[in-house]
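Welcome! Take a look at it first, and then we can go through some of its features together.

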Amino acid sequence: MQGLMMADQLRVAGVIEHAAKWHSDAEIVSRLPEGGLHRYTYADAHQRSKQLANALLKIGIANGDRVATIAWNTHRHFELYYGVAGIGAVCHTINPRLFPEQLVYIINHAEDRLLFFDLTFLPLVERLAPLCPTVEKWVLMAAAKHLPVGSELPGLCSYEDLLSAESPDYEWPMFDENTACSLCYTSGTTDQPKGVLYSHRSTLLHAMAISLPDALNCSALDVIMPVVPMFHVNAWGLPYAAPLNGAKLVLPGAGMDAASLYELFESEGVTFSAGVPTIWLGLLQFMREGKHKFSTLRRTVVGGSSCPPALMLAFEEELGVTIKHAWGMTETSPLGTAGHLKTKHQSLNSADSLAVRAKQGRAVFGVDMKIVGDNGHELPHDGVAFGDLLVRGPWVVADYFRSGTPGELTADGWFRTGDVATIDLDGFMQITDRSKDVIKSGGEWISSIDLENLAVAHPAVAEAAVIGVPSAKWSERPLLIVVRRPGMDVSAEDLLAFFKGKVAKFSEPDAVEFVEQLPHTATGKLLKTQLRKDFAGYSVA
Ligand code: AMP
């Protein structure tokens with residue numbers, strides 16, 4: 001028997017329609033890459049998204065066509081999220097930090113028909129254009145006065161010209177909620193990038209789930225500033241969750257440095273933010289140096305890489321900002337787990353509470369997970385056994401876009417994350433490593449993440465990476481690679497001594513090397529494949 005409820009389809013356009021109707025005066029403030037601050041409301045954003053929809057239809061963009069962006073977090077990028085998906089086309093956000101050859105691969109693989117870019121990326125797109133024949137039109141996301149003279153970009157025009165020629169009269173069409181709405185390629189450190197094609201349904205369910213109190217906890221009382229880029233996994237879904245809840249949205253544009261972020265946090269009254277650990281490490285240093293305080297910022301979500309407990313503690317104790325740890329992937333839209341305590345944890349002392357919150361957290365409703373051993377059998381939730389983390393759910397990838405190979409799922413339909421994790425009795429998952437990064441020493445597995453987290457708790461360490469290097473006796477041993485804090489000195493012996501008593505003896509690093517900087521992927525994660533190359537031939541006694 002079927003239920004007797006309306007068969008309305010979940011569509012991204014429904015979010016902006018809702019915000020424009022019920023939170024019409026809530027603001028979107030963005031710092032523009034071409035300079036200045038732009039301020040308008042959800043009602044204005046809705047009008048302009050519909051103007052964009054009319055412009056796209058006039059160009060001949062049809063259902064399922066890919067429309068690409070290489071852009072910062074701005075109101076125009078926000079309009080593209082809604083205008084492109086709203087007509088049934090696919091908004092393909094491209095990460096400009098990828099290598100140029102990866103960008104060319106991605107654009108050709110997706111067969112993007114239009115490409116919208118910020119002024120900052122003009123030199124980049126001029127290099128890409130001759131190699132990207134599917135792109136019929138390149139659109140500069142600015143007013144016409146910023147158009148370059150003598151550019152040979154095919155069909156070049158300005159975003160503002162495109163919109164001003166159009167009427168805001170447009171009725172968002174109804175279509176199947178499983179229709180694709182956006183596309184994001186993984187950063188792929190070894191293989192070619194792979195496309196994750198989100199649907200309207202997966203995006204809406206994810207946006208509702210991340211809004212929950214024990215997930216990202218979004219509300220109309222919030223002023224939300226995503227410091228995660230809109231070019232990577234849809235800025236963790238915040239450009240959907242903010243209008244869905246009627247929260248004011250602050251978009252920092254190209255200004256991702258600590259001073260520019262702090263200025264916006266203060267001037268716009270930001271209450272909630274989200275970003276990768278590197279952003280918060282940089283911000284902490286800036287706050288300490290200038291003896292700054294936050295007037296309104298109360299909480300932030302940190303994920304994308306392991307959040308060092310020392311960072312959580314410093315934000316809480318010195319700045320009054322709670323850090324919630326979260327885990328996810330491009331393939332999981334991205335939110336999978338969030339680190340909110342349960343009632344039973346309320347009475348823990350601060351060290352024990354921090355130990356729980358430092359884990360990657362509990363499954364958000366909608367995402368199921370398990371850990372399995374080499375034979376594929378499920379491992380116990382005892383916080384000790386570790387194995388491959390598998391996930392499934394309505395916003396987890398089923399197959400990659402045009403992958404040309406059978407899906408990457410297990411026979412019984414779980415997605416292999418490539419992460420190695422434990423799950424404790426209370427359901428808190430803890431990532432111990434990427435499966436490729438685990439250090440196998442004798443019969444023991446050593447978590448490089450644990451050692452890195454500990455190393456950055458040393459006052460003289462700005463950033464740290466741990467890789468396995470060959471050892472005749474143990475097959476692999478941990479090597480700690482450290483970037484010192486500016487103006488601070490520390491010896492290898494001091495650092496090795498720092499680990500004593502804090503980890504099992506067999507996990508202590510064998511050696512320390514100092515470097516000026518560590519290599520990162522396009523999404524800010526440590527690029528361990530590069531480190532392994534840099535330290536090839538290194539071995540410990
Ligand atoms: P990406 O698809 O580029 O967002 O990368 C996803 C990967 O980042 C995951 O598979 C993890 O290896 C890593 N990751 C994400 N969040 C965390 C976290 N909180 N702690 C440790 N690793 C994380």
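Which residue forms a salt bridge with Glu166? The partner is Lys58, and the closest N and O atoms of the two are 3.0 Å apart. Please keep in mind as you read that this is a predicted model.

**Salt bridges**

- The pair of Glu166 and Lys58 links distant parts of the chain, as the two residues are 108 residues apart.
- Glu166 sits in the loop between helix 6 (159–164) and strand 8 (180–185), whereas Lys58 belongs to helix 2 (residues 42–59).
- If you search the whole structure, you will find 29 salt bridges.

- The protein is divided into domain 1, made up of 8–24 + 35–212, and domain 2, which covers 437–534.
- Between the C-alpha centres of domain 1 and domain 2 there is a distance of 40 Å.
- Where the two domains touch, six residues of domain 1 are in contact with five residues of domain 2.
- About 420 Å² of area is buried between domain 1 and domain 2, and carbon and sulfur atoms give 68% of this area.
- On the side of domain 1 that touches domain 2, the residues by class are one nonpolar, four polar and one charged.
- How many salt bridges does the rule find across the interface of domain 1 and domain 2? The count there is zero.
- The rule does find one residue pair in polar contact across the interface of domain 1 and domain 2, with both residues at pLDDT 80 or more.

**A span annotated in UniProt**

- An unreviewed UniProt entry places the feature "domain: AMP-binding enzyme C-terminal" at residues 451–525.
- In the model, residues 451–525 are 17% helix and 33% strand.
- The end C-alpha atoms of residues 451–525 lie 16 Å apart.

**Backbone details to look for**

- Is the peptide bond from Ser333 to Pro334 cis or trans? This bond is cis, and its omega is near 10°.
- You can find Pro334 in the loop between strand 14 (322–328) and strand 15 (335–338).
- Glu111 is not a glycine, yet this residue has a positive phi of about 50°.
- To locate Glu111, look at the loop between helix 4 (100–110) and strand 5 (114–117).

Technical notes:
Residues numbered from 1 in each chain as written. Predicted model: local features only at pLDDT ≥ 70, side-chain atom pairs only at ≥ 80, totals over all residues. Heavy atoms only, no water. UniProt positions renumbered as here; feature names shortened; annotations may be inferred. Helix = DSSP H or I, 4+ residues; strand = E, 2+ residues; numbered from the N terminus. Domains from an automatic or database assignment. Contact = heavy atoms within 4.5 Å. Buried area = accessible area lost by both parts, 1.4 Å probe. Salt bridge = Lys/Arg side-chain N within 4 Å of Asp/Glu carboxyl O. Polar contact = N/O pair within 3.5 Å; in protein donor to acceptor, adjacent residues only side chain to side chain. Nonpolar A, V, L, I, M, F, W, Y, C, P; charged D, E, K, R; others polar.
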